[in-house]
Every structure is written in structure tokens, then in C-alpha cells.
Amino acid sequence: MNIEGNVVAAVLSFLAALGAGIGWWVDRRDRHKDPLPKSAAEVAVAKEALGVVVAAAEWDRTRGERIQTDLTAALRRITALEEDGVTDRARITRLETLLSHAASYIEALLRWAHALRDAPKPPPLPTELHDLVDPQLWITISNPKET
Amino acid sequence: MLDHALAHPWEVPLAVFQIFGGGIGVVASLSDQITVSPTVDNLPWFLALAMCLMLAVGGVMTLFGIFDDGDDMMRGWRLERSGLILAATGWTVYTGILLATHPESLLGWAFGLVATVSAGLRTWATFREERRLRNATGADE
């Protein structure tokens, strides 16, 4: 065998001896350890399993509480949205009423304009529209300046 | 017994292979007529003998440890660990000689390396399990 082969053989022999030594040392340590009865190990495993079940139940409980909190917040939001909806509906109803009065007044104005000879004064401005149209304008139209 | 084998589906067949291969290797290293592998033939006869003995004996001890049904778990682990360390040593020597003489034989030395690492991991796992159970039962080392 050449030198390189001798070196390889030496290294591998060293590794073999090292591994055998480690195995002997581990076995020696294990020999001096206290026995571990299977029955005690089974109880320990059962206890661990119970611990896992308890932890899972706790996790479920925490998750349930979190869901409850999220649900309460969601219900609160829905209530707030419903209240906003009620307010919006009231606004819409008021706007519809104003529009209705405005449309009626426009019709009356057109009739008056058509029959100007017979009705010198324009129809009165409905009180509901006083917020939208300046009542002074009606007074001015009702009392035109004499030329 | 089947339960033990199914709980260690990789370890058991590998141990059986070690016993078979190691056994033939022991015979081949003591005989001029029989050859098990050109790679093992590259080793000096005493090193080839040691390597094959480690694989064979390691395989036997591993199986005895796995299938031990005694009341004391330490007995099974002791046997298994010693067997695994011997086997890992044998596989290390095998991987080393392959790398030195046939580095192009990728599958060969890679398998040896994987077998070494597997034995090491399983040994470590037995230590972890022992510690866990001792902590759980309150037993001392």
C-alpha cells in the first residue's frame, strides 16, 4: 500500500477507534443511570397528553372570547350604521317634501305667468321654501315699481 | 413486535441490511476467495474486519434495543444507542474509504453519509426522549 493509502488507513483507523470509544463511554454512562419503568413513562405520557388537551381547550376558550369581542364590536357598528340610515332617511324625506313644494310652486308660477292679466300678483311663496328662496324676492315681484 | 417495526420503518430494514452486509464483509475480510466489494478490499484486512464487525454487531444491538419489551426503558435505549454508535462508526469508515478511493461514486458515499447522519439523529432522539420522560416522571439520571 502506498503512503497515501497508509494515511487514509490511519485516519480511518483513528475514526473507528474514536467511534468505538464514544460508544463505550455512552454505554458506561447509561449503565449507571436509574431505570425508567415503562409504567411510569406511560403515566408521564398520559399526563403530557392531558396537558395538550387542556392547552387546546384554553386556546379554544381564548379564541371564543376573541370572537365574542369581535362580534360585539360588529353589532355595535351595525347599530351605528342603522342609526345613520335612519338619519339619512329623514333627510331624504325632508328633501322630497321640499322638492314637492318647489315643484308645485313652479307650476303655480307658470300658471300665473300664463294668466298674467287676470292675476297681477304671483302666488304666495310656501313657508316650506322660505329656507331655499328669499321671501323678499316674492314681495318685490308682488309690488312692482310703477313706471 | 409488528408495532415496534412499524414505529421504526427505516431503522429496522437498515439494521437488517447492516447485519447481512457486515456479516458477509467479516467473512470476506478473513478469506482470500470471497470479496464483498472492491472498495472494502482497499482497506487493510484488520480495518475491513473492524468496519464490518461494527456494522453487523451494531445492527444486531440496534434491533435488540428496538424490540426490547422489558419494563425498564433504559435497557432498550442502552442497546439501541450502542448499536447506533457502532453502526455510525462503521458507516463513517465506509464513507471515508469510498471518498478516498472512488470519489466519483456519489451514490455510494452519499448513502454512507446519510446512514451515519441518520444513526446520529436517532441516537440524539433517544436522549431527548429519555430527558423528557425523566423530567415528566421526576426520575433522576
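**Exercise 1.** In this predicted model, which residue does Arg61(A) meet in a salt bridge, and are the two partners buried or partly exposed?

*Solution.* Start with the side chains: Arg61(A) pairs with Glu58(A), at 2.6 Å from N to O. That sits inside the 4 Å cut-off, so the contact counts as a salt bridge. Arg61(A) has a relative accessible area of 42%, so call it partly exposed. Glu58(A), at 38%, is partly exposed as well.

**Exercise 2.** Work through two salt bridges of chain B, Arg122(B) with Glu80(B) and Glu130(B) with Arg134(B), and say where the partners lie.

*Solution.* Take Arg122(B) and Glu80(B), whose closest N and O atoms are 2.7 Å apart. This pair links distant parts of the chain: Arg122(B) is in helix H6 and Glu80(B) in helix H5, 42 residues apart. Both residues are buried.

Now go to Glu130(B) and Arg134(B), which meet at 3.0 Å, N to O. Here both partners lie in helix H6 of chain B, four residues apart, or about one turn of the helix. Glu130(B) and Arg134(B) are buried too. Then follow the shared partners: Asp30(A), Lys33(A) and Arg81(B) join Glu130(B) and Arg134(B) in one salt-bridge network. Over all chains, the tally of salt bridges is 15.

**Exercise 3.** Describe the largest pocket: its volume, its lining and the classes of its residues.

*Solution.* First the space, which is about 470 Å³. Then the lining: there are 21 residues, with Lys38(A), His4(B), Met73(B), Trp77(B) and Glu129(B) nearest the centre. Helix H2 of chain A and helices H1, H4, H5 and H6 of chain B each supply at least two lining residues. Sort them by class and you get seven nonpolar, five polar and nine charged.

Terms used
Residues are numbered from 1 along each chain as its sequence is written. Chains are lettered from A and ligands numbered from 1 in the order in which they are written. This is a predicted model: local features need pLDDT of at least 70, side-chain atom pairs count only at pLDDT 80 or more; totals for chains, interfaces and linings use all residues. Side-chain values use heavy atoms; hydrogens and water are left out. On a 1 Å grid over the protein atoms alone, a cavity is a set of points where a 1.4 Å probe fits but cannot get out, and a pocket is an open set with protein on both sides within 12 Å along at least five of seven lines; lining residues have an atom within 4 Å of a point. Grid points are joined across faces, edges and corners, and a volume is the space filled by probe spheres set on the points. Ala, Val, Leu, Ile, Met, Phe, Trp, Tyr, Cys and Pro count as nonpolar, Asp, Glu, Lys and Arg as charged, and the others, Gly among them, as polar. Buried means under 20% relative accessible area, exposed over 50%, partly exposed in between (1.4 Å probe, protein chains only).
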